[in-house]
Amino acid sequence: MDARLAPNFTDPTALIYAFPPSPEVDRAWARITARSIIGITREDIVGIGKDPEIAVKLNPEWGMPEGTYMGSVDVFHQIHCLDTLRRGLITNYDYYFGKRWGFEPPIMFELHLRHCTNMILQTLMCHSDVEVVTNTWSEAQPWPYADFGVIKQCRDFEKLLEWTENHEIKAASTNFADYRAPPGTVRMPEEPLLREEMGDFTSKDKNGDELKLLHIKNCNA
């Protein structure tokens, strides 16, 4: 693990994901957060414990065999959530959202941050890494300094990314937001309290989208 607290940005071995916001950093994050749609079978759906009667099938117009279901690899949603939290950090917020929203972003911004925090926490608790963190003596402080550069046996993420890109259904990923439920589709109930949360807004923008004031001490006009 590269656990450097302050990586040297000129070091070619430093991970770009830890760098301050920039177009280059955004391109690096975008590459590993794309939600690539893949096709899975009814047997796959049953095998992962889901109900094929409510799982979404791919649009027949996308060129896959009839009865193919829509899927995606979970790690890319987890990384998307981490990127969402990165963009929402107080040190990064102005770069990404200041000119668009000031301190009054769409109400879904807060809901999205809370959702992503919850998903990452559950993922960490689920996998519960048990590698032991040792300590060293550092010139920077008088007490022991935690060495988070633990040695891990990792999956080959680049291979997984390559596999996903090779199996991606481009038409599905491109037209995901335009896909609508066919007639007679079973619909699941909406999230409890979602309407109440969405109704807690302070103003609307020119498009009618609901905004919510971020109460940050000494930052609000």
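**Figure 1. Thr-123 is buried, at a relative accessible area of 19%.** The view is taken from a predicted model, in which local features need pLDDT of at least 70 and side-chain atom pairs count only at pLDDT 80 or more, while totals for chains, interfaces and linings use all residues. Residues are numbered from 1 along each chain as its sequence is written, and side-chain values use heavy atoms, with hydrogens and water left out. In these legends, buried means under 20% relative accessible area, exposed means over 50%, and partly exposed lies in between (1.4 Å probe, protein chains only). Thr-123 belongs to helix α5. Helices (H or I, at least four residues) and strands (E, at least two) are DSSP runs, numbered from the N terminus. The side chain of Thr-123 reaches the backbone oxygen of Met-119 at 2.9 Å. A polar contact is a pair of N or O atoms within 3.5 Å; within protein, one must be able to donate a hydrogen and the other to accept it, and residues adjacent in sequence count only if both atoms are side-chain atoms.

**Figure 2. Ser-128 lies in the loop between α5 (107-127) and β3 (134-136).** Phi of Ser-128 is near 40°, a positive value in a residue other than glycine. Ser-128 is partly exposed, because its relative accessible area is 38%.

**Figure 3. The largest nonpolar core has eight residues.** A nonpolar core is a set of buried Ala, Val, Leu, Ile, Met, Phe, Trp, Tyr and Cys residues joined through side-chain atoms within 4.5 Å. The members of the largest core are Ala-14, Phe-19, Val-25, Trp-29, Ile-32, Phe-76, Ile-79 and Leu-161. Two or more residues come from each of α1 (23-33) and α3, and α1 gives the most, with three residues. Apart from this core lies another, of seven residues, among them Ile-37, Leu-58, Ile-169 and Tyr-179. In soluble globular proteins, nonpolar side chains tend to be buried together.

**Figure 4. Helix α3 (residues 74-88) carries Asp-83.** Asp-83 counts as buried because its relative accessibility is 7%. The side chains of Asp-83 and Arg-86 make a polar contact at 2.8 Å. Not counting residues up to four places away in sequence, Asp-83 touches Trp-29 and Thr-33; contact means heavy atoms within 4.5 Å.

**Figure 5. α3 crosses helix α6 (residues 157-167) at roughly 110°.** Two packed helices are described by the angle between their axes and the distance between the axes. The axes of α3 and α6 come within 11 Å. Axes are lines fitted to C-alpha atoms, for helices over the stretch in contact, and angles run from 0 to 180 degrees between N-to-C directions. α3 and α6 are therefore roughly perpendicular to each other; angles of 65 to 115 degrees count as roughly perpendicular, those under 35 as roughly parallel, those over 145 as roughly antiparallel and the rest as oblique. Val-75, Phe-76 and Ile-79 of α3 make the contact with Phe-157, Leu-160, Leu-161 and Thr-164 of α6. By residue type, this contact of α3 with α6 divides into six nonpolar, one polar and no charged. Here Ala, Val, Leu, Ile, Met, Phe, Trp, Tyr, Cys and Pro count as nonpolar, Asp, Glu, Lys and Arg as charged, and the others, Gly among them, as polar.

**Figure 6. α3 packs against helix α4 (residues 93-101) at an angle of about 75°.** The axes of α3 and α4 are 7 Å apart, and the angle makes the two helices roughly perpendicular. On the α3 side, Arg-86, Arg-87 and Gly-88 meet Tyr-93, Tyr-96 and Phe-97 of α4. The residues of the contact of α3 with α4 divide into three nonpolar, one polar and two charged. The buried residues of α4 are Tyr-93, Tyr-96, Phe-97 and Gly-98, and they pack against α1, α3 and α5. Gly-102, which follows α4, has a positive phi, near 60°.

**Figure 7. Gly-39 is found in strand β1 (residues 38-40).** Gly-39 counts as partly exposed because its relative accessibility is 33%. Leaving aside neighbours within four places in sequence, Gly-39 is in contact with Leu-58, Thr-68, Tyr-69 and Ile-169. Gly-39 and Gly-67 are 28 residues apart in sequence, and their C-alpha atoms are 9.7 Å apart in space.
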